[in-house]
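Please view the model first.

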Amino acid sequence: MKKAFTLSEVLITLVIIGVIATLTIPALMSNSREQETLVKLKKVYSTMTNAVRIAEVKKGCSIGSWYNATSKNSAEEFFNNYLKPYLQVLKVCTNYSDCGYEKSSPWSTLAGTDVNWHIMDSPTTRKFFYLADGVFIGVRTGDYGGENGTAQYGSNIKFIIDLNGPKEPNTYGQDVFYMTGVSKKGLVPFCYKYTTTQVDNDCKEGGNGECCLQKIINDGWTFSSDYPL
């Protein structure tokens, strides 16, 4: 007599395989996306901080002095003189449509509120570009305020990094991260001065998310169990 599986045994085996696949495949896919995000983030972090460091050495001055507050093309000059020569820039864009986004303020916080960053043509205060690997970078050397909407300049230069450009989720801490340029420190996470508690309180479900890059670094370039993914 030939031994073989019965139909019921085969069906039971297939059901078990299906259940296991249902339980494990989503987790594997999620872990794969997380690792991809970490790899891209670590790469762009290294690329941008190294470019700033090289520019500071080459130009003999700290990033805090790279912009000229009296120039009508402050951001344009900042980008052309100090960033572009040391980066592989794929494309420079001037407004949200040109950059591939559907609206001028496309990003949101972890709480779901709009981020106060506008992609607009303003050579005085901001510049936008894509790196060769498709990462979108926004640089803001100042902002508008005061009387008659005059340009205002702060002590820090701000960078927004969108790992996958216009693709969703366009949310702080998930595919969008925040950095700042500081004299004598170079390019650092926006919350570099915050305590661990302050960082964790910002980078959590319902939080803002500006500090998520700092949280990832604090946790050894990993997504900890309490990371808001």
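Val176, Tyr178, Thr180 and Val182 point one way from strand 7, while Phe177, Met179 and Gly181 point the other way, and all are buried. Buried means under 20% relative accessible area, with exposed over 50% and partly exposed in between (1.4 Å probe, protein chains only). Strands (E, at least two residues) and helices (H or I, at least four) are DSSP runs, numbered from the N terminus.

This is a predicted model: local features need pLDDT of at least 70, side-chain atom pairs count only at pLDDT 80 or more, and totals for chains, interfaces and linings use all residues. Residues are numbered from 1 along each chain as its sequence is written, and side-chain values use heavy atoms, leaving out hydrogens and water.

| Partner of strand 7 | Sense | Bridges |
|---|---|---|
| Strand 6 (residues 157-162) | antiparallel | 6 bridges |
| Strand 8 (residues 186-189) | antiparallel | 4 bridges |

Phenylalanine 177 in strand 7 stands opposite isoleucine 161. Towards strand 8, glycine 181 has leucine 187 as its bridge partner, and threonine 180 stands opposite valine 188. Strands 7 and 8 form a hairpin with 3 residues between them. In the turn, lysine 184 has a positive phi of about 70 degrees.

The open sheet has 6 strands in the order 1-2-3-6-7-8, with antiparallel pairing. Strand 1 (89-93) and strand 8 each have a single partner strand, so one side of each is left without a neighbour in the sheet.

Definitions and conventions
Two strands pair if DSSP finds at least two bridges between them.
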